[in-house]
Amino acid sequence: MLRVGAIAIETPRVGLKTFDEQSFALHAPLELLARYALLPKVRPEQRKLARLQLLATAAVYQMIGEPGAPPSPWYPESMTEAWPAIIDAFDRGDQTDVERGMHYVAERATAETIIAFLGDRIVKRLGASLHAPILLALLCRVGPEAARLVLPKLWEFLGVLSVETVVDWCRAGVNGTDAAVPFAELRFGREMHLGTPREGGIVALVKHVAGNGALDVHLDAVASLEHGDAGDYDSAFATLTRLAALSMLQETSKIARYGWSHCLTIPEGIWSMSRCMESKQGALSLASAVVGSYRSVYGSNEFQYDWIPSTTTLSLSEALSVSPDEAAAAAFHAPSALRPEIETELATQAAIRNDTHLVKYTLTCLNLGAMDPEFAALYHAAAANLLAIWFKDTPEESLYANLLDGRV
């Protein structure tokens with residue numbers, strides 16, 4: 001199934017006329033991988049529809065724009081020769097050489113190896129709407145054979161990355177002094193309300209907040225972990241992902257689908273990717289910047305770090321069609337013995353629906369439940385909240401007849 005989808009999206013699309021088409025083309029490989037990863041958790045009777053959704057994504061990809069040309073071939077003597085040349089191309093900001101190099105490497109290396117060689121450069125740049133870490137994290141999760149089918153798409157994410165502005169996370173004055181606020185005590189964006197940036201998109205959002213100096217305290221806190229061990233960084237990443245999940249549950253639903261969803265999927269991708277990196281400081285800095293930016297612009301003064309949903313008597317399957325609050329409550333307060341059943345319901349209901357962000361977010365929450373098990377109920381509640389928002393627009397009885405709707 002993934003092989004069919006990977007072949008369909010192998011050729012890049014050009015001449016895309018709208019933002020929605022551009023966004024769909026960017027997200028298509030992420031969506032295919034996320035849908036593939038969710039399939040084992042989907043209820044058997046719904047797997048046919050879940051597979052059809054995967055194929056529909058591939059079909060729509062071929063319907064937009066025109067087929068483009070892959071990078072011109074490159075024939076280095078070996079991988080030993082290739083890596084220094086690619087790193088040099090990154091440092092020079094040479095998009096053409098990055099594309100050629102990554103196309104060569106993607107067919108010969110694993111995602112883990114690519115992260116080990118290029119991870120520190122990837123997290124110091126803003127590009128492809130910060131989705132390269134999501135793709136790399138997904139590629140690490142689906143296994144080497146499945147990953148190899150989609151790895152050639154990686155150059156499209158990293159080629160864009162090489163020409164984006166490099167954000168100097170470790171600029172002068174941010175040196176991790178003793179006065180730095182401990183990472184666990186940071187308050188992300190509370191009472192900042194910086195106003196929305198003039199330009200749209202995640203990169204513009206982060207640059208807008210960074211330009212206002214609102215990320216300085218976060219960078220100080222990250223720098224103070226420079227000599228910490230892997231557990232210190234994992235604890236800091238968990239702080240970020242819990243905060244992002246709480247934002248989905250507490251903040252306005254107006255930006256839930258494409259705002260608070262990215263506030264979690266991007267840092268989770270960076271966290272997963274960082275586990276293959278020797279130095280994690282740059283990765284944590286980028287993840288902190290993403291969460292801090294969303295909180296600084298869209299966060300409210302009423303936000304509570306110890307908030308939990310109210311209780312409900314409804315099961316998750318019942319609550320999803322009632323309201324996001326009821327769905328979150330049902331997922332959060334479910335007994336531990338029912339966690340596998342909650343995961344199955346979330347995976348199934350997301351996988352049979354059309355939206356790429358819903359699928360990515362649900363998979364992210366399930367992954368985080370395993371990475372940060374003490375807070376699994378929180379991540380499941382966040383996934384249920386977003387799923388319930390989509391429920392009214394995508395009733396199950398309409399899904400077979402509307403497989404192509406809402407993708408672009």
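**Cavities, rings and burial**

Guide: Ile134, Ala137, Leu138, Arg141, Thr265, Glu268, Lys360, Leu363, Thr364 and Asn367 line the largest cavity. This is a predicted model: local features need pLDDT of at least 70, side-chain atom pairs count only at pLDDT 80 or more, and totals for chains, interfaces and linings use all residues. Residues are numbered from 1 along each chain as its sequence is written, and side-chain values use heavy atoms, with hydrogens and water left out.

Visitor: Which elements give two or more residues to the lining of the largest cavity?
Guide: A cavity is a set of points on a 1 Å grid over the protein atoms alone where a 1.4 Å probe fits but cannot get out; lining residues have an atom within 4 Å of a point. Helices are DSSP runs (H or I, at least four residues), numbered from the N terminus. The elements are helix H7 (132-141), helix H13 (256-274) and helix H18 (356-371).

Visitor: How do the residues of that lining divide into nonpolar, polar and charged?
Guide: Ala, Val, Leu, Ile, Met, Phe, Trp, Tyr, Cys and Pro count as nonpolar, Asp, Glu, Lys and Arg as charged, and the others, Gly among them, as polar. The lining of the largest cavity has 4 nonpolar, 3 polar and 3 charged.

Visitor: What volume does the largest cavity have?
Guide: The search of the whole structure finds 3 cavities of 30 Å³ or more. A volume is the space filled by probe spheres set on the grid points, which are joined across faces, edges and corners. For the largest cavity it is about 70 Å³.

Visitor: Are the rings of Trp83 and Phe117 stacked or edge-to-face?
Guide: The structure holds 7 aromatic pairs. Rings of Phe, Tyr and Trp (its six-membered ring) pair if their centres lie within 6.5 Å; planes under 30 degrees apart count as stacked, over 60 as edge-to-face and the rest as tilted. Trp83 and Phe117 have ring centres 4.2 Å apart and planes at 5°, so the pair is stacked.

Visitor: Where in the chain do Trp83 and Phe117 lie?
Guide: The pair links distant parts of the chain, 34 residues apart. Trp83 is in helix H4 (residues 79-92), and Phe117 is in helix H6 (residues 111-122).

Visitor: Is Trp83 buried or exposed?
Guide: Buried means under 20% relative accessible area, exposed over 50%, and partly exposed in between (1.4 Å probe, protein chains only). Trp83 has 6% relative accessibility, so Trp83 counts as buried.

Visitor: Which ring does the charged end of Arg257 sit over?
Guide: A charge sits over a ring if NZ of Lys or CZ of Arg is within 6 Å of the ring centre and within 35 degrees of the ring normal. Arg295 lies over the face of Phe303, at 4.0 Å from the ring centre. For Arg257, at 4.2 Å from the centre, the ring is that of Trp390.

Visitor: Why is helix H9 (residues 154-161) largely enclosed by the rest of the structure?
Guide: Its buried residues are Leu154, Trp155, Phe157, Leu158, Gly159 and Leu161. They pack against helix H2 (19-38), H4, helix H5 (95-106), H6, H7 and helix H8 (144-150). H9 is largely enclosed because the buried residues number 6 of the 8.

Visitor: What is Asn385 in contact with, leaving aside its neighbours within four places in sequence?
Guide: Asn385 is found in helix H19 (residues 376-391). At 4% relative accessibility, Asn385 counts as buried. Contact means heavy atoms within 4.5 Å. The partners are Met248, Leu249, Pro324 and Ala328.

Methods: On a 1 Å grid over the protein atoms alone, a cavity is a set of points where a 1.4 Å probe fits but cannot get out, and a pocket is an open set with protein on both sides within 12 Å along at least five of seven lines; lining residues have an atom within 4 Å of a point.
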